Amino acid sequence: VPDLPDSVIDSSPAAITTSTEATFEFHSTKENSTFTCQIDGNMWAGCLSPKTYTDLLAGTHQFQVQAIDAANQEEPSPSVFDWQIIADSTSSPQAVEVATSTATTTP
């Protein structure tokens, strides 16, 4: 069995965020590895850590990173991170709840 590389995601956005920007930091268990990254099922492309994506839309997203060692061996299964961007509204859910409870207590 060859000693295959393994990518590790060191930092990522929060699982649920309002930010339309996402930065990922990652490394490989084998030195001198290169990486390919993919977001939301798009084409795999060479990437470096940290990798930042901007202007993301609200909704669910998936980032994947795969390490390739100096002998050109790919890791068998990429590291995956799923997260959700929620629309940033001017009124937070808590503020809406307070306004609703105030309205219901008004005689």
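Modeller: Two strands pair if DSSP finds at least two bridges between them; the strands (E, at least two residues) and helices (H or I, at least four) are DSSP runs, numbered from the N terminus. This is a predicted model, in which local features need pLDDT of at least 70, side-chain atom pairs count only at pLDDT 80 or more, and totals for chains, interfaces and linings use all residues. Residues are numbered from 1 along each chain as its sequence is written, and side-chain values use heavy atoms, with hydrogens and water left out.

Biologist: How many helices and strands are in the protein?

Modeller: The elements run β-β-β-β-β-β-β-β-α from the N terminus on. The protein therefore holds one helix and eight strands.

Biologist: In what order do the strands of the open sheet of three stand?

Modeller: Strand 3 (residues 22–28) pairs with strand 6 in the antiparallel sense over three bridges. Strand 1 (7–11) and strand 6 (51–53) each have a single partner strand and stand at the edges, so one side of each lacks a neighbour in the sheet. From one strand to the next the twist averages 35 degrees (axes are lines fitted to C-alpha atoms, and angles between N-to-C directions run from 0 to 180 degrees). The pairing in this open sheet is antiparallel, and the order is 1-3-6.

Biologist: Is strand 7 largely enclosed or left open by the rest of the structure?

Modeller: Strand 7 runs antiparallel to strand 4, with six bridges between them, and I39 stands opposite F63. Seven bridges join strand 7 to strand 8, also antiparallel, and here H61 stands opposite W83. Buried means under 20% relative accessible area, exposed over 50% and partly exposed in between (1.4 Å probe, protein chains only). Because seven of its ten residues are buried, strand 7 is largely enclosed.

Biologist: Which residues does the disulfide join?

Modeller: A disulfide is a pair of cysteine sulfur atoms within 2.5 Å, and by this rule the count comes to one. Its S to S distance is 1.9 Å, and the residues joined are C37 and C47.

Biologist: What is the handedness of the disulfide of C37 and C47, right-handed or left-handed?

Modeller: C37 lies in strand 4 (residues 34–39) and C47 in strand 5 (residues 45–47), ten residues apart, and the pair links distant parts of the chain. Both C37 and C47 are buried. The torsion about their S-S bond is about 70 degrees, so the disulfide is right-handed.

Biologist: Does D69 count as buried or exposed?

Modeller: D69 is found in the loop between strand 7 (59–68) and strand 8 (79–85). Beyond its neighbours within four places in sequence, D69 is in contact (heavy atoms within 4.5 Å) with D3, P5, K30, N32 and S33. D69 and D3 are 66 residues apart in sequence, yet 9.6 Å apart in space, C-alpha to C-alpha. Because its relative accessibility is 5%, D69 counts as buried.

Biologist: What share of the 107 residues in the protein do buried residues make up?

Modeller: Among contacts in the protein with a separation of 6 or more, 59% come from residues 24 or more positions apart. Of the 107 residues, the buried share is 28%.
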